[in-house]
Amino acid sequence: MRKYSLIINFATNLFSTMVYQFKNIESKWRDYWKSHSTYKESEDSTKEKFYVLDMFPYPSGAGLHVGHPLGYIASDIFARYKKLNGFNVLHPMGYDSFGLPAEQYAIQTGQHPAVTTKINVERYRTQLDKLGFSFDWDREVRTSDSTYYKWTQWIFKKLYQSYYCLDKNKAKPINDLISIFEKQGNELVNACCDDDVFIFSALQWKAFSESEKQKMLLKYRLAFLSQTWVNWCPELGTVLANDEVKDGRSERGNYPVEQKRMRQWSLRITAYADRLLHDLDNLEWTDSIKEIQKNWIGKSVGASLHFSLEKNQETIEVFTTRPDTIFGVSFMVIAPEHSLVTKLTTQENQQLVSQYCKQASLKSERDRQSDVKNVSGVFTGSYAIHPFTNKKIPVWIADYVLASYGTGAVMAVPCGDQRDWDFANKFGLEIVNIFKDVDISEKANDDKSSIINNSDFLDDLSVKDALKRAIEEIETRGIGKKKINYRLRDAIFSRQRYWGEPFPIYYKDDIPYLLEEGKYVDLPPVDKYLPTEQGEPPLARAKKEDWNVFEGDRMEYNTMPGWAGSSWYFLRYMDANNPNELVSKEKSDYWGQVDLYIGGAEHAVGHLLYSRFWTKFLYDIDCISFQEPFKKMINQGMILGRSSFVYRINDTNTFVSFEKRKEHKTSRIHVDISLVDNDILDIEGFKNWRSDFKDADFILNDNNQYCCGFEVEKMSKSKYNVQTPDDLVETFGADTLRMYEMFLGPLEQFKPWDTKGINGVHNFLRKFWRLVHDEQNNFCVSEQDPDKKEWKVMHQTIKKITDDIDRYSFNTVVSALMICVNELAELKCNKSAIISDFAILLSPYAPHLSEEIWQLLGNKESITQAQWPVFNEQYLVEDNFTYPVSFNGKMRFTLELPTNLDKAQIEKTVLELDQTIKYLDGKEPKRIIVVPKKIVNIVC
RNA sequence: GCCCGAGUGGCGGAAUUGGUAGACGCGCUGGAUUCAAAAUCCAGUGAUAGCAAUAUCGUGCCGGUUCGAGCCCGGCCUCGGGUACCA
């Protein structure tokens, strides 16, 4: 008897797993797509194009976790949907494969970063392939391939060979500038350049030595070498861009960052500041990202003015957004790094000043920030002259003034600026009140609706009028002029690292020169990935014969930053294998802008700003025909992990269950989530997990179990809460995982990962399978024409799903599909016409299963070649509508009425009902609102 | 501090233009089937009161507009993100 039941048991189990054999189905279709090149796209001018792009990943050693595919699944659904709607869809994938982790690993192990990168890329590819994406892999790019980074160098060359003309407001060839210099010098040139450019004539230009000419041109080039204050990270041995520094520490690795003056390559992104700001308006991006970019660019309109000095020929130039408060100026403050510090410091103040400046330079950015409340400064001993009142005003040095913003000097208006007020208060400086009827004894007044007072020709004017008037007067008197200032700094473009793009640059007599046309540098081999003993970057280790090109005295030792390759990769996909051009004009004209870009919001000011900059530049030099890379962008929210914790009693090896943890002094320890099921710990597994837990003791709860605590936090290896897609694909299949990731909630939202609900989605796919199979698991559909009810279900679904995908509401589509199957199952409908439409609707989400059903329905071609069903209103026309009837806004009962009744008829019918009389309870209806096919509301 | 965004059952979430709040799924409860389980199917499931019909309350809090507010307006609270001496 026992034996017999075991056999039955085995048979039924076998049978139930046979129902929907996702493993076979998925591997079958993976092979089919590969062998049939189903996802290969070519340019087809007869079809409208659509470009769907994912932010390409950095292939890290940890592989993909469940958060990565979220965006890829959404973009894949959209790409498939667009294709079914007749678009020619470009949907590529590649790797941002230069970067620090591979190099850090290389330093530790000596293994070439190219080797680890290759292994990681292959792992990513295996994982991606299992998820059924419709990527056209023939277009794959890797930023670390020389066939790719050669074109990154090409763009750098173009930047080097260009300057920014402010008259035309675009980049132009540097040769044009040279001819202007030869004809008329630089006096009339209106171009973006370094601050320290002096005026020269054509004659002077011609008299310049070669080296002088090159140095001058560098001040105009869009890619230029200059001495600048940089964020130096000693731990990483490299400089970092502003967006790579967070709270005074490196974003990668979290190491301290200090300010250092170094000769570095920079890109003149500030030339594009205004266009980058202005063009944000036309982008379909979230307001928050646009806002972040706006703040980062930080445009402020004001005036620059010169203050002359009492005992010195020089002037101090300041930038102010409030020239209307000029009469409130009672002192000046310059940054400790300001070039006039030494000249202005008088003998008796010498010691204090140099001490203060030294202290300030030692303070890291972070210390300066945490010191905001602590006002500090020192007097130089010198005085400037107020341009209007001719009064003597003291010049101070303080680190609340930043060298890198504006001119590194401010005119202090203590009555109108809180920082100036604090400073004046601390050091007993004069506070002049220039606001009418405003008390400034407790704090400064920054109210823009104030009236100016005590200010000569500005008296009684509003701030707005005073601003205008002040600038006019400043300009007529030649003290200064209207000026627009940006917070945006030029982007430092060199890194003292190995694993990045080499520069197509060599040096002769310490002057940089570009390699001639067609020549590009391959990353040379080195013996170690560390700086040299002299502190030069790793590339200085390469011997002369290791370089594929070697010219001049030496090659450039720096490499490009991580964002170089990612600033233009979306263009290369269009023409990924073109050996002659970055991208052919024909192809870039066809594919154009990215129509939908999906990725994280963490690149708001890095990648997303630099890509916009490079796109504008490439547009200026006529390489492409559009100015913005990404038309519409969706930022997917992070999938957070659910960490589990055990509680160890301090100084023991005893662990106490969650419920009883407060009875002891414990510390919380992350435990691997694979050892926890429903918050219950697998004690044996835990003991074997780490050797130090082998002899652990446990205090269990009342159910004799060990219950873990939990918290929702970012997924990371160190928190043992990483969920890989691999296990889930193994247990439930890729189709289920795809649907489940979408079902979790709106794409943009942050959400905790929880596998509890996944079988709900899996059951839905099984239910659909059962709908078209009989009890022996034979495919079984009816060829009868569907009836009205069945068509109605179908067309409701078509409408809902089409609308939802169009508004990127990926999660609600899943429920619509579920509702549809539920209703079809209730109608016992397996009519092939209906199933056929349903398979198409399902296919963007569950491509493997849909292909299988599609084939079983007798189709010879892939379902990707099908046509999205067209919604037909007629199927939804109803004779009746069920009205909710409300009294004073409270719904009391429903009433089914023919849809052809007019308002008066509806009103009459409702009022005659017994139920209405009951709810009126003797009261007179004051008003009746009837909204046809919506609601009836009786006010009484 | 300033600038964005979000707060809805036990949980993830739905409600697209102001019109039946809680779709769909999970979980839970009961039932059918089964020797038993798995799977499947049926019913129930916001709170409170009631055998029930039903009633009252209910979308972070307070107030407003409206016949009608999760949605619009004003003022708060909480959480998440960005930014921080920017002159």
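Contact here means heavy atoms within 4.5 Å. Keep in mind as you look around that this is a predicted model.

**View 1. Two helices, H26 and H27, meet through their side chains.** Start with who touches whom: Leu817, Cys820, Val821 and Leu824 sit on the H26 side, and they meet Ile834, Phe838, Leu841 and Leu842 from H27. Sort these residues by class and you get eight nonpolar, no polar and no charged ones.

**View 2. H26 and H27 cross each other.** H26 covers residues 810-826 and H27 covers residues 832-842. Their axes come within 11 Å and cross at roughly 160°. Angles over 145 degrees count as roughly antiparallel, so that is how H26 and H27 run relative to each other. As for the handedness, H26 passes H27 in a left-handed crossing.

**View 3. RNA strand B has 52 protein residues around it.** Of these, Thr321, Tyr405, Arg419, Leu744 and Asn937 come nearest. On the RNA side, 61% of the atoms that come within 4 Å of the protein belong to sugar and phosphate.

**View 4. Asn811 and Tyr919 each place a polar side-chain atom by a phosphate oxygen of RNA strand B.** For Asn811, the distance to the phosphate oxygen is 2.9 Å. For Tyr919, it is 3.0 Å.

**View 5. Lys800 meets a base of RNA strand B.** Here, look at the base rather than the backbone: one of its oxygens is 3.1 Å from an N or O atom in the Lys800 side chain.

Note on methods
Residues numbered from 1 in each chain as written. Chains lettered and ligands numbered in written order. Predicted model: local features only at pLDDT ≥ 70, side-chain atom pairs only at ≥ 80, totals over all residues. Heavy atoms only, no water. Near = heavy atom within 4 Å. Polar contact = N/O pair within 3.5 Å; in protein donor to acceptor, adjacent residues only side chain to side chain. Axes fitted to C-alpha atoms, helices over the stretch in contact; angles between N-to-C directions. Helix = DSSP H or I, 4+ residues; strand = E, 2+ residues; numbered from the N terminus. Parallel < 35°, antiparallel > 145°, perpendicular 65-115°, else oblique. Left-handed = near helix turned anticlockwise from the far one by under 90°. Nonpolar A, V, L, I, M, F, W, Y, C, P; charged D, E, K, R; others polar.
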